[in-house]
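Please have a look at the model first, then read on.

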Amino acid sequence: MTRITVTPSITAELDPGFCPAVLWNREYRKLVRELGGRPLLIALERPNGTRSVRRTELLPDRPEFFPLTWKFVERQLKFLLWMKGGFRITLAGADDRLLSELQHCYSPEGERCSDAEIMGPLIYGHEFELRGEPASELPEVELQLRLGGHDDGGRIGFDLGGSDRKCAAVLDGRVVHTEEVPWDPYFQSDPQYHLAGIRDSIARAAAHLPRVDAIGGSAAGIYVDGVPRLASLFRGLSPADFHRVVVPFFRQLEAEYGVPVAVANDGEVTALAGARALNSAAVLGISLGTSEAAGYVSESGTLTDWLNELAFAPVDYRDDAPRDEWSGDRGCGVQYFSQQAVARLAPAAGLTFPDDLPLPRRLEEVQKLMAAADPRAAAIYRTLGVYLGYGVAHYADFYPLRKLLALGRVTSGPGGELLVEVARQVLAREFPELELTLHLPDEEFKRHGQAVVAAGLPELRRSSC
């Protein structure tokens, strides 16, 4: 059987087995060029009529190549599902064996059953469907959303993280207040804990404004038309409480205040913040925090209706990569670009923490050590930098990119600076052909920028008189 061996130019110091997806895919495509390829089209459809299309080429349909082709297509499809989203997947040009095994993989008995359940009923309200057809051309139909960038009036912005919630008050484009309040929403079973916290942040910001004209929010999770569909912040709630209390909450908030309320995934707000700060389009924003959040501002300067949930998109192709706690899949971004990655790498760096110490506290301890120039902490951040460099190159294979902005608690302080420095070294050495730059904003912007930008999400209602 033909094998693919990957040797990164820069090794992940504390995780030498790391197999960057971008390098593995590069070797597969090299084999395709050498041996001849056959076309494959992957189309992902959403209920609003939009369709995303990915075109690629596969190795010849021969038994000895099937394991490589299976890995290439299965990982591509998993990435596309969480990048763009879709409940109906069409594979045009797939051979019968590849199609059959993928259909089983995403069946209730298959390894990706949770992905199918989430993509189908939970997010899009349809049964998940994976079908094949002969090689053909399916037109791409994408949606561009103009959201954010408003600064008129008295605005409140909030940013809900896993360890703190931030709020901002903005009056006619001038930031008059920002605040950060610790909270612990993950395993709270009473939805009133979450709702009371959000209301408290809004009230704190409102106290600094003469009036409230709009409220914008940034939060981890999947939001469709401002409605939460899947959100880790509420993981402690029962499904019944989530749908009964949380799903309608932001619309109720809109009625209570009598002003427009817009809530977006924190990654989308990160991307908007990046585009604004860098005065650029084709910007991918990544927030390395409790999980990995991502968002994208297109080449035309607009948002899309893509999911951009890169926490669940694979970046490491080794067979024994760390597992994602939600789906059980291996090598997904959450284990490489979040405080979970810091905690996972700590033992390899020679750091031990009590088993009951929460992940945010472990990150804080590593950051303190980094500020004290502890070499163990520096090794963690250098390893994260290698992850990020190869991860960014992998993302650039799917997104047209000019700039990437890294935000989130993991990037705070000298550790974040080292992380980005190493990532830039990876990009310069391994991918000199990529014309993209990696940016790290200042500390104030990293900590409160998302709340400020979230305040500008809604457009004010105009009187018809």
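Let's begin with a helix pair: the axes of helix H11 (residues 375-396) and helix H12 (residues 413-430) come within 7 Å and cross at roughly 45°. This is a predicted model, in which local features need pLDDT of at least 70 and side-chain atom pairs count only at pLDDT 80 or more, while totals for chains, interfaces and linings use all residues. Residues are numbered from 1 along each chain as its sequence is written, and side-chain values use heavy atoms, with hydrogens and water left out.

**Helix packing**

- Two packed helices are described by the angle between their axes and the distance between the axes. Axes are lines fitted to C-alpha atoms, for helices over the stretch in contact, and angles run from 0 to 180 degrees between N-to-C directions. Helices (H or I, at least four residues) and strands (E, at least two) are DSSP runs, numbered from the N terminus.
- H11 and H12 are therefore oblique to each other; angles under 35 degrees count as roughly parallel, over 145 as roughly antiparallel, 65 to 115 as roughly perpendicular and the rest as oblique.
- The H11 contact with H12 (heavy atoms within 4.5 Å) includes Leu384, Leu388 and Val392 of H11 and Leu419, Val422 and Val426 of H12.
- That contact of H11 with H12 divides into 14 nonpolar, 4 polar and 2 charged residues. Here Ala, Val, Leu, Ile, Met, Phe, Trp, Tyr, Cys and Pro count as nonpolar, Asp, Glu, Lys and Arg as charged, and the others, Gly among them, as polar.
- Helix H10 (residues 359-371) also has an axis that comes within 7 Å of that of H11, crossing at roughly 115°. H10 and H11 are therefore roughly perpendicular to each other.
- On the H10 side, Leu363, Val366, Gln367, Leu369 and Met370 meet Arg376, Ala377, Ala378, Ile380 and Tyr381 of H11. By class, this contact has 8 nonpolar, 1 polar and 1 charged residues.

**Pockets**

- On a 1 Å grid over the protein atoms alone, a cavity is a set of points where a 1.4 Å probe fits but cannot get out, and a pocket is an open set with protein on both sides within 12 Å along at least five of seven lines; lining residues have an atom within 4 Å of a point.
- The largest pocket holds about 650 Å³ of space, a volume being the space filled by probe spheres set on the points. Its lining has 27 residues, and the closest to its centre are Leu145, Tyr223, Val224, Asp225 and Asp305.
- Strand E12 (261-265) gives the most to that lining, with 5 residues. The lining of the largest pocket divides into 16 nonpolar, 5 polar and 6 charged residues.
- The second largest pocket has a volume of about 400 Å³. Glu74, Arg75, Arg112, Asp319 and Asp329 are the closest to its centre among 15 lining residues, which divide into 3 nonpolar, 1 polar and 11 charged.

**Cavities**

- The structure holds 3 cavities of 30 Å³ or more, and the largest cavity has a volume of about 510 Å³. Of its 40 lining residues, Ala220, Asp266, Thr290, Ser291 and Ala293 are the closest to its centre.
- Helix H13 (443-455) provides the largest share of the lining of the largest cavity, 3 residues.
- The second largest cavity has about 70 Å³ of space, and the largest share of its lining, 3 residues, again comes from H13.
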